[in-house]
Each structure stands twice: as C-alpha cells, then as structure tokens.
Amino acid sequence: DAAHTAMWERLDLDIEAHDALLAVLGKFYGDIYLAQEGRLKGAEYLDFVLSEVHGLRIKELQDAKAAGKKIVGTFCVFVPEELTLAAGAVQVGLCAGAKAGTELAETLVPRNTCDLIKSFIGFKLARICPYTESCDLIVGETTCDGKKKAYEAFGEHVPMHVMEVPQCKAPCDRTLFRAELVRYKEALEQLTGQTITAEALAEATKVVNAKRRALQRLAALRAAEPAPISGRDALLVNQISFYDDPVRFTAKINELCDEIEARITKGQGVAPAKTPRLLLAGCPMAVPNWKLPYLIESSGAVIVGEESCIGARNTRDCTDETPGNLDAMLDALCDRYMKIDCACFTPNTERLDNIAAMARDLKADGVIHYGLLFCQPYAHEAMKVGKAMDAAGIPYLSIETDYGMEDAGQLKTRVEAFVETL
Ligand code: BJ8
C-alpha cells in the first residue's frame, strides 16, 4: 500500500526492483507453502509474518528507531543476541537466501564466492532489502574466508563491527572469544549510549533462552510418527526466529507446539505414516532459501530436522542463567557460544556425533547433506559426514547446489532415487 511504499522510499530502496522481488517472493511462497495440504492452524502466523516481512515488521523497526532504539544486523549465529538485547537494541538476521543483485555483488567479491555471501552483498548494492537499510550497525565475524574477506568490502557500504571467531577450541581460543564478547559489548554501548548491566543481560538471556526452548520443543515434537509438521514449515519457523520480535515469536511458537501435541495425540501428521523421514544437514538456509526442502518434500519424503544454523546448531544450547555478576555472565555466554559446531572449526568432530544423534532421536531414515557451491568448510565436512553415516549405517546423500533453479530437475531425480532406496 501507499504507506509501505512511502516507507520504502524513505529507506531509499529501488522501488521497481523491490516490487519485482516481492512479486517473485509471493509467487514462490504460494507454490511452496500455501499449496501444502494438512497444514497446522498455527501456520497462519507464519503466513502473516511472511506477507508482512517488508511491511509491518519494517514499520516496527522504524518505530523502534524513532523511539531511539538501534537496529543491529547479523549473518551468523556467533553474534550473541543476549548482548544486543541487553543494550536495548533490536537484532535481526539479515536475508541472504535469494539470488539478487548478483552482477553487482560480483563487482565486490570474486565469482567463485558462495551464493549466501553474494546474496547479502547483492541485496545491499541493488537497494532491495529494507532490513539492511534499517540497520545502524551490521556485525560480521571471522568464520569462513569467504565471509571474512567479503566483510572488508561490505564495510565500505555499511557501518560494520567484525567479531573475531576463533577456529579451534583450546583454552587460548576461548580467551580470545571471551575478549571479543567484551569488545562487542563495548561497541554496542557506544552505539546505543546505554551501559550493559548485569540486570539487563540477565533479562535478555531469559528472553533468548525462552526462544531457544520453544524451538527445542518444536524440534523434539518432530520425532513423532507420522511427522506432525512439514520440514518446510519448521524451516520457516527457524528463519522467522531471526527477525521477528523474540517475545511474540516465542509465544506464537509455543502455541504452535500445543497444536502439534494435540495432533500427535490423535495420531495425525502432515504425511502418511511410513513416509521416508530425512534429516537435512549442512549450510544454513537463510530466508527465502526453500529450494532443496521443497524438492525433497515433493519427492515423497518428509524432513524431520535441520542440522544447520537455521536449525539445531542455533537452538541446541541455552546460556546458563544462574551467574550473578557481569563477568560470570560473560563467561557463561562464552561457554555457550563456544559449543557451536560450525564447519569453520578444526577439528570439528562433535558435529559428526551431533548429526548421528539427531538422526537417531528423530528416527530419520536417511541424511541429506546440503552444501552451497563454493563453500569450502561444508564441502570438506560433507565427506567426513558421509564416512560417519556409513559407519553408523545411516543412508546418506550429499548435494551441492546454489540459489539458481537450473539444476532443480536434476536434483529432484537424485533425491527421488535416494528416497526410493530407503
Ligand atoms: S556458525 S555455518 S552462520 S559461519 S555457506 S558464508 S560457511 S562459504 S554460513 Fe555460517 Fe556462522 Fe558457521 Fe553458522 Fe562461508 Fe560456507 Fe558461504 Fe557460509
């Protein structure tokens, strides 16, 4: 509507390109989400949030800004939302899941860069993401080489703070990350003019943990047979967790879980009993990257879990809420974040154990590893995961793809052939 367009103009979006993006997104969403059968009533919340993703939520962010709050954008689950909230700021995970502005992006980063990176750079350079344009600060992190170097170039276009994330998990690495938490805390205090107190951090930790617990609850319910929610909807829940208001989101997802519990009691599901159940592992699927889940679930299988940062890797661990003073709280934060089993770490054997445990707990019949083309860390680990699944007797398929649709037919053939063997 006119009010939204005026808001987008104030954010200096390229209105024509943005309209085209919303049209494609709407069409995609209709085909992939609204066309599903036997959907939960609670999915109305997901539909609403998605339909207002560039509307109401952006309006809320603008209102928050008008009230003096700062908006912080992120691309990685290593950026502690607890600290961001404790500084009175809003944290949003920025969209990096669609092909946009690719040619422009390739003027800043090499062509052989993964689509996730090209996407966030393309969104910025093509001026079509109202979240990016709303940010007062964007926080990067030294994880993979692709992102690390891309942030140098990106920093010429947006205000950035880059956190150093270590690559190993020895005591000296922990010390480094602990210091980086303090440096991020100081950057936030400078940005907001607000000192992060022990009380504020304790409160923020509760909010973030409550969100994680709701997502853990949803993840655990997916062990039921038949599967009570589609993998697509569960992925969307995780995607939305990065940008909706955390308190509202938590309440809505707990309601959704109540409905799922009732469904399980009645023995109802989204797919017939005996539908092959798959665990997806690998690179994060940032919104609106729904390509592979859609292909899988239209190939006679249902996805029961995501071993990914838009999934279990982000929700598995809560932050200890018991410490009393600020130093102990920062220690607790450090402990929690250093458990993340991102492929950027070496070694990263706990990830293999975590995947096998998830497959077992969720009663998955097989594991599909998703790697983004040009992503070195996950391509290496795809091979290790394959060996580990072999050893555990779990059928395994490794897929490498990008955000383009050119390979959709070929991927579907491979997935169907895999599903038939289960
Ligand atoms: S904690 S997974 S969110 S770094 S796909 S940009 S790795 S080349 S996203 Fe990640 Fe944090 Fe790790 Fe999670 Fe690089 Fe690979 Fe691209 Fe990637």
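The entries below go from the overall build to the sheets, the helix pairs and a few backbone details.

**Ground rules.** I am working with a predicted model, so I kept in mind that local features need pLDDT of at least 70 and side-chain atom pairs count only at pLDDT 80 or more, while totals for chains, interfaces and linings use all residues. Residues are numbered from 1 along each chain as its sequence is written, and side-chain values use heavy atoms, with hydrogens and water left out.

**Overall build.** I found 19 helices and 8 strands in the protein. Both come from DSSP runs numbered from the N terminus (helices are H or I, at least four residues; strands are E, at least two). The radius of gyration is 21 Å, close to the 22 Å that the globule rule gives for 422 residues, so the protein is as compact as a globular protein of that length. For the record, that radius is taken over C-alpha atoms, and the rule is 2.2 Å times the number of residues to the power 0.38. Along the principal axes, the C-alpha atoms fill a box of roughly 60 × 50 × 45 Å.

I looked up the strand order and got β2-β1-β3-β4, an open sheet of 4 strands with parallel pairing. Two strands count as paired if DSSP finds at least two bridges between them. At the edges stand β2 (90-93) and β4 (160-163), each with a single partner strand, so one side of each has no neighbour in the sheet. Neighbouring strands are turned by 25° against each other on average, direction ignored. Strands β1 (residues 71-74) and β3 (residues 137-141) run parallel and are joined by 3 bridges; Val72 stands opposite Leu137 in β3. Helix α9 (residues 145-154) packs on this sheet, touching β3 and β4, and its direction makes about 150° with that of β3. Contact here means heavy atoms within 4.5 Å. Axes are lines fitted to C-alpha atoms, for helices over the stretch in contact, and angles run from 0 to 180 degrees between N-to-C directions.

**Another sheet.** Here I read the order β6-β5-β7-β8, again an open sheet of 4 strands with parallel pairing. Its edge strands are β6 (302-307) and β8 (396-401); each has a single partner, so one side of each is left without a neighbour in the sheet. I counted 5 bridges between the parallel strands β5 (residues 277-282) and β7 (residues 366-372), and in β7 the bridge partner of Ala281 is His369. Helix α18 (residues 376-392) lies across β5, β7 and β8, running at about 170° to β8. Helix α19 (residues 408-420) also packs on the sheet, touching β5, β7 and β8, with its direction at about 170° to that of β8.

**Helix pairs.** How do α10 and α16 cross? The axes of α10 (residues 171-192) and α16 (residues 326-337) come within 10 Å and cross at roughly 120°, and the two are therefore oblique to each other. As cut-offs, angles under 35 degrees are roughly parallel, over 145 roughly antiparallel, 65 to 115 roughly perpendicular, and the rest oblique. Among the residues making the contact are Phe177 and Leu181 of α10 and Leu330 and Tyr337 of α16. By class, this contact has 8 nonpolar, no polar and 6 charged residues. (Nonpolar covers Ala, Val, Leu, Ile, Met, Phe, Trp, Tyr, Cys and Pro; charged covers Asp, Glu, Lys and Arg; the others, Gly among them, are polar.)

Next I checked α2 (residues 15-34) and α12 (residues 231-240), which pack at about 125° with their axes 10 Å apart. Tyr29, Ile32 and Tyr33 in α2 meet Arg232, Asp233 and Leu236 in α12. That contact divides into 4 nonpolar, no polar and 2 charged residues.

Helix α17 (residues 349-361) packs against α18 at about 55°, axes 10 Å apart.

**Backbone details.** Most residues other than glycine have a negative phi, and most peptide bonds are trans. I noted a cis peptide bond between Glu225 and Pro226, omega about -5°; Pro226 is in the loop between α11 (198-221) and α12. Val287 and Pro288 are also joined by a cis peptide bond, with omega about 0°, and Pro288 lies in the loop between β5 and α14 (291-297). Lys274 is not a glycine, yet has a positive phi of about 75°; Lys274 sits in the loop between α13 (246-265) and β5.
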